[in-house]
Amino acid sequence: MNITVKDYMKMQPNYPKVADSDKFYLQMAMRLDDAIEQANMQLPLSAETKRDIVLAATGYYQDIVADCGIWRSFITIHKQLYGKPLPFYTLPDEYCESELNKEDIQFIIWYVTECHSSEHGLLSPFDSDIAHLADRFFAILDAEYLDAPTPTEYTIAMDVELDNIGQIDSIVQLSNWLFFRNYLMHHASRDAIAEAFAEAQAIIAKHNNPKDASPQLADLNQRVMLSNPTGPLALTVGEWLKMIVDGEMPELQDNNAAAAKPHKFYRQLMLASNGEPIAFFDSYDALESFLSIDMGWGEAPQGHLPHLRKFDNFVIYGTPSKGVLIAHDVAQYICHQQNPCYDPAEASRRGYEMLTRRGSCPIDLTKYVFANNLAPDIRLPYDTNGDITAENWDFLARLYQQRYYRPD
């Protein structure tokens, strides 16, 4: 048994209060827990992962029954960004965006499992174990769907007015639930939450009386919640709130839009590279020579970027608004006619880490590479023909990169 009453209650928006519908949904969670234990899966899922899968599926169920708006907001913004409600799957005609769907459950199982993984990008969203478990979960939830009681605590957003200063406590409560405990959001924020927990432990250790640490802990809580995106689309809590409460879609602007006056370093790069916003170098010495001579930075006794000497396979990429960025150990993945470092075999083997490994490649460069068809050989290990990667690369970058995808 992976689910306890406390596990279930901590995920509820009105915790620690008990709602009339909690008994029903706790029992549903326990039935899903039995199903995952009896599924005879080959995936090596930890007890924690199984627990979080069950709680996420239960939360999704409560959301759909209550028409809370969290799942609806996710599929709506995904459709706005990518033209379809969900990544990966070809949806059947009977798929209904406002109802219980097996494909939703399949995505949630994959998403939670992938967020728990120590190495991302290895688990297929079409994995047979995941599909089988989604079938089992859907059968259990669908059998009770028409008679399921409305979880009134999940209508928390219906009484919130974001522009009403008198409701600040309710807004903060809702924000905290969305970021730290909601069934959909917090899995993608695991790293940020873990870092915050370590910092909180250090704060508590400095005080003889834990109560004395409360102001600092409250500040930490706010800072973490407001400085990190969350959920599978790397949206901020404020953006989620506006969607859920007011139905207002976020304005996701391109920060690389043409500047009125292009950055000096961008202009230098364009002159030095014959009009290309990107250049490649197999060694630090080659990079240093380009910076010193071609871009006109002049000689530097210790080198302009001495901390990069131990790396190779460099890329310089420029945008009018930001100037230039320099990435190392990624040139071998990028198929460009002026790139002597390109290695198709290496791109196929490890290039997917540009999407999955946080901070391994600046997001502006990653977007440029995939948007301009410079990644023909990059694919996730389970993606035999590359279609999943090619069609979902931006979603995958959002999911895996999180605050690196939204450095603003």
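# Reading the predicted model: a dialogue

Mentor: N40 is exposed, its relative accessible area being 63%. Exposed means over 50%, buried under 20%, and partly exposed in between (1.4 Å probe, protein chains only).

Trainee: What kind of model is this?

Mentor: This is a predicted model, in which local features need pLDDT of at least 70 and side-chain atom pairs count only at pLDDT 80 or more, whereas totals for chains, interfaces and linings use all residues. Residues are numbered from 1 along each chain as its sequence is written, and side-chain values use heavy atoms, with hydrogens and water left out.

Trainee: Where in the chain is confidence lowest, and where is it highest?

Mentor: Where pLDDT is low, the predicted coordinates should not be read in detail. The mean pLDDT of the chain (the predictor's confidence in each residue, from 0 to 100) is 92, and 97% of the residues reach 70 or more. Confidence is lowest in helix α9 (residues 214–227), with a mean of 83, and highest in helix α5 (residues 102–116), at 98. Helices (H or I, at least four residues) and strands (E, at least two) are DSSP runs, numbered from the N terminus.

Trainee: At what angle do helices α3 and α6 pack, and how far apart are their axes?

Mentor: Two packed helices are described by the angle between their axes and the distance between the axes. For α3 (residues 47–66) and α6 (residues 128–144), the angle is about 40° and the axes are 12 Å apart. The axes are lines fitted to C-alpha atoms over the stretch in contact, and angles run from 0 to 180 degrees between N-to-C directions. The helices α3 and α6 are therefore oblique to each other; angles under 35 degrees count as roughly parallel, over 145 as roughly antiparallel, 65 to 115 as roughly perpendicular and the rest as oblique. The crossing of α3 and α6 is right-handed, that is, the near helix is turned clockwise from the far one by less than a right angle.

Trainee: Which residues of α3 and α6 make the contact?

Mentor: On α3 they are I53, V54, A57 and Y61, and on α6 they are L133, F137, L141 and E144. Contact means heavy atoms within 4.5 Å. By class, this contact of α3 with α6 holds 7 nonpolar, no polar and 1 charged residues. Ala, Val, Leu, Ile, Met, Phe, Trp, Tyr, Cys and Pro count as nonpolar, Asp, Glu, Lys and Arg as charged, and the others, Gly among them, as polar.

Trainee: At what angle do α3 and α5 pack?

Mentor: The angle between α3 and α5 is about 145°, with the axes 9 Å apart, and their crossing is right-handed. In α3, E48, T49, D52, I53, A56, A57 and Y60 meet D104, I105, I108, I109, V112, T113 and H116 of α5. These residues divide into 8 nonpolar, 3 polar and 3 charged.

Trainee: Which residues of α15 are buried?

Mentor: They are I363, D364, L365, T366, Y368, V369 and F370. With 7 of its 9 residues buried, helix α15 (residues 363–371) is largely enclosed by the rest of the structure. Its buried residues pack against β1 (278–281), β2 (314–319), β3 (323–327), α14 (353–356) and α16 (387–401).

Trainee: What does W393 contact, leaving aside neighbours within four places in sequence?

Mentor: W393 is in contact with L355, K367, F370 and A371. W393 has its place in helix α16 and counts as buried, at 15% relative accessibility.

Trainee: Is H78 buried or exposed?

Mentor: H78 counts as buried, at 1% relative accessibility. It lies in helix α4 (residues 70–82). Not counting residues up to four places away in sequence, H78 touches G83, K84, P85, L86, P87, L233 and F395.

Trainee: Which residues does a cis peptide bond join?

Mentor: Most residues other than glycine have a negative phi, and most peptide bonds are trans. Here a cis peptide bond joins Y15 and P16, with omega about 10°, and P16 is found in the loop between α1 (5–10) and α2 (22–37).

Trainee: Where does N40 lie?

Mentor: N40 lies in the loop between α2 and α3 and, although not a glycine, has a positive phi of about 55°. A234 also has a positive phi, near 50°, and is found in the loop between α9 and α10 (237–246). A234 counts as buried, at 0% relative accessibility, whereas N40 is exposed. Just after α15, N373 takes a positive phi of about 55°.
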